[in-house]
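User: Hi, I'd like to go through this model with you. Can we start with how its helices pack?
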Amino acid sequence: MNLPNKLTVLRLIMVPVFFISFCLPEWFGEGARAVSVIMMLICYATAELSDLLDGKIARKHNLVTDLGKVMDPFADTLSHLTFFVCFYSLGLMPSLALIIIIWREFSMNFMRMLMMGRGKAVAANIWGKSKTVLYAIDSILSIAYIVASYFAPGAWQDGYLIFLTVMFYLAALASLLSFTTYMRAIIKSRALSSMTR
């Protein structure tokens, strides 16, 4: 297994560790909150850094593999959905935004599998890139809220939550628009028209 794929595996490992870290206060009480917050920060930073590095290294050193093409988007979906479910459970993410993103991610992974079966790649578009950026921003803002509300709770929280809600809806909108754009391109290309039914 090459280095980019090892980094992707590291990201996959960080996802359940993040979830366990998130659940520590529920399992062991508020005394575990500080450890939970620190571990979440470490897990999130490690996951995002590995996501940033694996693609760059693979492209720069011509280490793109079939396993990496499948595992990388799977790791992205698993990590983002885990983060978002955690944020939703704290009331940081609106349910409508979460449902839209879940539907989009599973639908997109299904379409990728179909396209790979036909030997075709799904090209990136501006909405897909915007979605990725907004996912990262919303995750950072949510973790910042969790950290700040533990160390410095106050009146600022209400306004922050409103802003966070707007940001999550923007991410949901970008995810929906990116999927619509992907679908239009796939239909226009007729890449799946010869598929047996």
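Analyst: First, a definition: axes are lines fitted to C-alpha atoms, for helices over the stretch in contact, and angles run from 0 to 180 degrees between N-to-C directions. Helices here are DSSP runs (H or I, at least four residues), numbered from the N terminus. This is a predicted model, where local features need pLDDT of at least 70, side-chain atom pairs count only at pLDDT 80 or more, and totals for chains, interfaces and linings use all residues. Residues are numbered from 1 along each chain as its sequence is written, and side-chain values use heavy atoms, leaving out hydrogens and water.

User: OK. At what angle do α1 and helix α3 cross?
Analyst: Roughly 15°, and their axes come within 9 Å. That makes α1 roughly parallel to α3. Angles under 35 degrees count as roughly parallel, over 145 as roughly antiparallel, 65 to 115 as roughly perpendicular and the rest as oblique.

User: What about α2 and α5?
Analyst: Helix α2 (residues 33-60) and helix α5 (residues 126-151) pack at about 160°, with axes 10 Å apart. So α2 is roughly antiparallel to α5.

User: Which residues in α2 meet α5?
Analyst: Among them are Arg-33, Val-37, Leu-41 and Tyr-44. Partners in α5 include Ile-140, Ile-143 and Val-147. Contact means heavy atoms within 4.5 Å.

User: And how far apart are the axes of α5 and α6?
Analyst: They are 8 Å apart, at an angle of about 160°. The α5 and α6 helices are therefore roughly antiparallel to each other.

User: Back to α1. How far apart are its end C-alpha atoms?
Analyst: They are 37 Å apart. The 26 residues of α1 (residues 3-28) should span 38 Å, so the two agree. The expected span is 1.5 Å times one less than the number of residues.

User: Where does α1 bend?
Analyst: At Phe-22, by about 35°. Pro-25, a proline, follows within four residues. The bend is the angle between axes fitted to the seven residues ending there and the seven starting there.

User: What sits at the ends of α1?
Analyst: Asn-2 caps the N-terminal end, with a side-chain oxygen 3.0 Å from the backbone nitrogen of Asn-5. After α1 comes Gly-29, whose phi is positive, near 90°.

Definitions and conventions. Helix = DSSP H or I, 4+ residues; strand = E, 2+ residues; numbered from the N terminus. Polar contact = N/O pair within 3.5 Å; in protein donor to acceptor, adjacent residues only side chain to side chain.
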